[in-house]
Amino acid sequence: MKARHIFVIVALLALSTAMAEDTGVAWDSLSAQQQQVLDRFADSWDSMPPGRQQRLSTGAHRWAGMTPREREAAQTRFALWRELPDERRERIRERYGVFRDLPAAEQRRIRENFRHFRQLHRDRRERLRDRYRDMTPEQRQRLHDRMQQRRRISTRD
Amino acid sequence: MRAALLWSLLGSCSLASAADDELPGMEFLEYLGLWEESDEIWMLMDEQVLAEVVPQIGPAPHGEDSVEKEDES
């Protein structure tokens, strides 16, 4: 039942992504700021795949709204992103797809957990990472089951 | 007069060039457009599993990783 539920979510995600990518973005529909950022690509815009048009228009919108400091931080993250192996990037994108489909409260809870994790001392984070990576699939499953159980109990309370 | 015109032309060219340099490349813009919110979100997704695990376990006493204790039980 659980597996079926996950399958439906993944199928819906894939469908919604495909539908979104099918719809291109007309150059004229871009804001003046977006057009300014994307000016160098104006001539080739109409021949771009719809998915690329979507990403570029979103990216240009985001870039235009960033402060210099935010831009610098984003460029640093981009450098890190590029260094990741393809498989890891794919895994992150998949998780992000599932994350977007979660209820707002669940997303908030995950963000809070993430903040908690980031506040840990760097050495401890590294040790936890290593420890988690060394776990067998069965050990990970046990840990996740315990988490689910605790979450259910805390929700009931 | 001619020299002044030449200098102003050179000046405007270098300004345009500097402005072009500041504009992000296609790959970077596409990267920014991958995420519905801040691109920082991918770091959360990368660490999500651990971030999920750690708060459930609670703070480690005396600097020990309680993940190990949980796992060994």
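Me: What makes B:E30 and A:R52 a salt bridge?

Reply: Their closest N and O atoms are 3.0 Å apart, and a salt bridge asks for a side-chain nitrogen of Lys or Arg within 4 Å of a carboxyl oxygen of Asp or Glu, so the pair qualifies. The pair crosses between chains, going from helix α2 of chain B, where B:E30 sits, to helix α3 of chain A, which holds A:R52. Helices here are DSSP runs of H or I with at least four residues, strands are runs of E with at least two, and both are numbered from the N terminus.

A word on the model: it is predicted, with local features needing pLDDT of at least 70 and side-chain atom pairs counting only at pLDDT 80 or more, while totals for chains, interfaces and linings use all residues. Residues are numbered from 1 along each chain as its sequence is written, chains are lettered from A and ligands numbered from 1 in the order in which they are written, and side-chain values use heavy atoms, leaving out hydrogens and water.

Me: Why is B:E30 called buried, and what is A:R52 called?

Reply: Buried means under 20% relative accessible area, exposed over 50%, and partly exposed in between (1.4 Å probe, protein chains only). B:E30 has 11%, so it is buried, whereas A:R52, at 30%, counts as partly exposed. A:R52, A:R55 and B:E30 are also linked in a network of salt bridges.

Me: How do you know that A:R88 and B:D46 join two chains?

Reply: A:R88 lies in helix α5 of chain A and B:D46 in helix α3 of chain B, so their pairing joins two chains. Their side chains meet in a salt bridge at 2.6 Å, N to O. B:D46 is buried at 18%, and A:R88 is partly exposed at 27%.

Me: What makes A:R125 a buried residue without a salt bridge?

Reply: The nearest side chain of opposite charge, B:E47, is 5.5 Å away. Lys and Arg count as positive, Asp and Glu as negative, with His and the chain ends not counted. A:R125 is found in helix α7 of chain A, residues 122-134. Beyond residues up to four places away in sequence, A:R125 touches A:F117, A:R118 and A:L120 (contact means heavy atoms within 4.5 Å).

Me: Why are α3(A) and α2(B) called roughly perpendicular?

Reply: Their axes come within 7 Å and cross at roughly 90°. Angles of 65 to 115 degrees count as roughly perpendicular, under 35 as roughly parallel, over 145 as roughly antiparallel and the rest as oblique, so these two helices are roughly perpendicular to each other. The axes are lines fitted to C-alpha atoms over the stretch in contact, and angles run from 0 to 180 degrees between N-to-C directions. Among the residues that meet here are A:R55, A:T58 and A:R62 from α3(A), and B:F28, B:L29 and B:L32 from α2(B).

Me: How do you know that α2(B) is mostly covered?

Reply: Six of its eight residues are buried, including B:F28, B:Y31 and B:G33. For chain B, buried residues make up 42% of its 73 residues.
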